[in-house]
Amino acid sequence: MEKLMKPAEYAKELGISRQAVYAKIKRGILTAKNVEGKLYIVVDTKAKTQKGFEAETKAAPKNPTVTTTSAPQAKDYKALLAAKDETISVLKGTVKDLKKSNKQISTTLKGEIDLLKEAFYEMRTLYIHQLEDKKPQDAIDIVTEEETVEPEPEPEHWISTKKFFKQQKITKEKQQAKITKRLKKAYRSGDGRLMKLEGKLKLNANKNYKDILN
């Protein structure tokens, strides 16, 4: 006859932790059943009773006047140690998974922060150029027919090396490292297409970089 027990009740009866019970379920040592969305341990009461009877029969001494308690105590002690070892093993695995999850979260957050910084720098640059381009209405020069109107230069648009590689479709790390080295060298030599903003290398998106890429 089968009996359903909650993991907490089963753990309490055996004197072990719930983590150890879940570990036994995962390894297939215990049989579990999902009833109405809740997990229960399937306990065979008939087999349990029969095992208990056999254990009592084997443990019964020939001389009824002599009783020994050291063997059961030793077995209980070993079972308790085994249960504790399983609990420790489960806890170690949980800690390892938590460390891995925290590392992944930190990496994701760092990437998001870098993207936000780049967007902020681009917006600030565009805003500065817009302010410079705005002039009062009375300061507009009247151009005569004889004068030639020169086209206004395009506003400078500075981007990060990460976005530059994305625009150029450069995905290999070795190639990125090689081009980054060339860009830094060009910046040190005074190349006007490059600048540093808050310690990071920026490139003028309106310029051509074929001499560096080839």
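These notebook entries record what I looked up in this structure, which is a predicted model.

**Entry 1: salt bridges**

I searched the whole structure for salt bridges, and the search returned 3. I began with the one between the side chains of Glu 122 and Lys 163, where N and O are 3.1 Å apart.

**Entry 2: the salt bridges of Arg 193**

Next I turned to Arg 193, which forms a salt bridge with Asp 191, and I noted 2.7 Å between the closest N and O atoms. Arg 193 is buried, its relative accessible area being 14%, and Asp 191 is buried as well, with a value of 18%. Arg 193 also meets the side chain of Asp 211 in a salt bridge, at 3.0 Å from N to O. I located Arg 193 in the loop between α6 (173-188) and β5 (194-197) and Asp 211 in helix α7 (residues 210-213), so that this pair, 18 residues apart, links distant parts of the chain. Asp 211 counts as exposed, with a relative accessibility of 54%, because the cut-off for that class is over 50%. I recorded Asp 191, Arg 193 and Asp 211 as one network, joined by salt bridges that share partners.

**Entry 3: surroundings of Asn 204**

Which residues does Asn 204 touch, leaving aside its neighbours within four places in sequence? I found contacts with Glu 156, His 157, Trp 158, Arg 193 and Tyr 209; of these, Arg 193 is the residue that I had already noted in the salt-bridge network with Asp 191 and Asp 211. Asn 204 itself lies in strand β6, residues 200-204, and is buried, with a relative accessible area of 2%. Its side chain reaches the backbone nitrogen of Asn 206 at a distance of 3.1 Å.

**Entry 4: a nonpolar patch**

Last, I looked at the surface and found a nonpolar patch formed by Ile 105, Leu 109 and Ile 113, which together have about 280 Å² of accessible area.

How values were computed
Residues are numbered from 1 along each chain as its sequence is written. This is a predicted model: local features need pLDDT of at least 70, side-chain atom pairs count only at pLDDT 80 or more; totals for chains, interfaces and linings use all residues. Side-chain values use heavy atoms; hydrogens and water are left out. A salt bridge is a side-chain nitrogen of Lys or Arg within 4 Å of a carboxyl oxygen of Asp or Glu. Buried means under 20% relative accessible area, exposed over 50%, partly exposed in between (1.4 Å probe, protein chains only). Helices (H or I, at least four residues) and strands (E, at least two) are DSSP runs, numbered from the N terminus. Patches are made of residues with over 30% relative accessible area and no salt bridge: like charges are joined within 9 Å, nonpolar side chains (Val, Leu, Ile, Met, Phe, Trp, Tyr) within 5 Å. Accessible areas come from the Shrake-Rupley method with a 1.4 Å probe; for residues, only the protein chains shown count as cover. A polar contact is a pair of N or O atoms within 3.5 Å; within protein, one must be able to donate a hydrogen and the other to accept it, and residues adjacent in sequence count only if both atoms are side-chain atoms. Contact means heavy atoms within 4.5 Å.
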